[in-house]
Amino acid sequence: MSTLTASVAAYTVLLTLLVACGEHLSKPAALSTALAAHRVVPSPSTVAAVVIATEGLLGAAGVVALLSDDGGRALGVVLAGSCALLATYAGYARYVTSTGRAVPCGCSRVELPMTGWVVARAATLAGMALVGSLLSGAVVPLGRPGTSLTIVLLAAATFTALLAHLPAAMHDPTPDQPPLGVTRGEVPG
């Protein structure tokens, strides 16, 4: 069971980092603009460039580690670095949400506000990176094709998609609107 858990966690984190890097590269100004709106970091453009490069490098290094045959040592280091990055994201997002300002998260091409769901996603990914790092020797390598790798890849793709869409799925753009079928001023029930 630890092989499946470690593998899905590792692959989900690495796939998420690669997807995030790709999304940021496809619309590079979005992250920089969001960071400027947060009013937390001194040089939003520089920080955005470092963040995007770090995501890409960690994701690529993770893929290389999955292709190597070193018993998971390199993968463990990559996932530990990923855990640190994602925990930083969670802490940063938590701080920004605590300010109460309505600002974009800058997490992807879609403009969504920074909410607790962004914090939850980052914390979940940080936890997955920690699990993958601690159990990196049990992760199924990319060079070992078979049913277990197929299951891990399908599960990782599913978790990556779910986590990527979590903040958007939980975002209610009209919180002051009554539920469907209820008119304003009417008590539901």
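The protein chain holds 6 helices and 0 strands. Helices (H or I, at least four residues) and strands (E, at least two) are DSSP runs, numbered from the N terminus. From that terminus on, the elements run α-α-α-α-α-α. The model is predicted: local features need pLDDT of at least 70, side-chain atom pairs count only at pLDDT 80 or more, and totals for chains, interfaces and linings use all residues. Residues are numbered from 1 along each chain as its sequence is written, and side-chain values use heavy atoms, with hydrogens and water left out.

Of the 189 residues of the protein chain, 38% count as buried. Buried means under 20% relative accessible area, exposed over 50%, and partly exposed in between (1.4 Å probe, protein chains only). The chain exposes about 10000 Å². Carbon and sulfur atoms supply 68% of that area. Accessible areas come from the Shrake-Rupley method with a 1.4 Å probe; for residues, only the protein chains shown count as cover. Among contacts (heavy atoms within 4.5 Å) between residues at least 6 apart in sequence, 76% join residues at least 24 apart.

The largest nonpolar core has 27 residues. Such a core is a set of buried Ala, Val, Leu, Ile, Met, Phe, Trp, Tyr and Cys residues joined through side-chain atoms within 4.5 Å. Y11, V13, L75 and V139 touch the most other members. Two or more residues come from each of helix 1 (2-26), helix 3 (44-67), helix 4 (73-98), helix 5 and helix 6 (147-170). Helix 1 gives the most, with 8 residues. A second, separate core of 14 residues includes Y92, A93, M114 and V119. Beyond four places in sequence, V139 touches A6, S7, A10, Y11, L66, L75 and G132.

V131 counts as partly exposed because its relative accessibility is 31%. Together with L130, L134 and L135, V131 makes a nonpolar surface patch of about 330 Å².

S136 is found in the loop between helix 5 and helix 6. S136 counts as buried because its relative accessible area is 11%. Leaving aside neighbours within four places in sequence, S136 is in contact with G72, L75 and G76.

Key. Patches are made of residues with over 30% relative accessible area and no salt bridge: like charges are joined within 9 Å, nonpolar side chains (Val, Leu, Ile, Met, Phe, Trp, Tyr) within 5 Å. A salt bridge is a side-chain nitrogen of Lys or Arg within 4 Å of a carboxyl oxygen of Asp or Glu.
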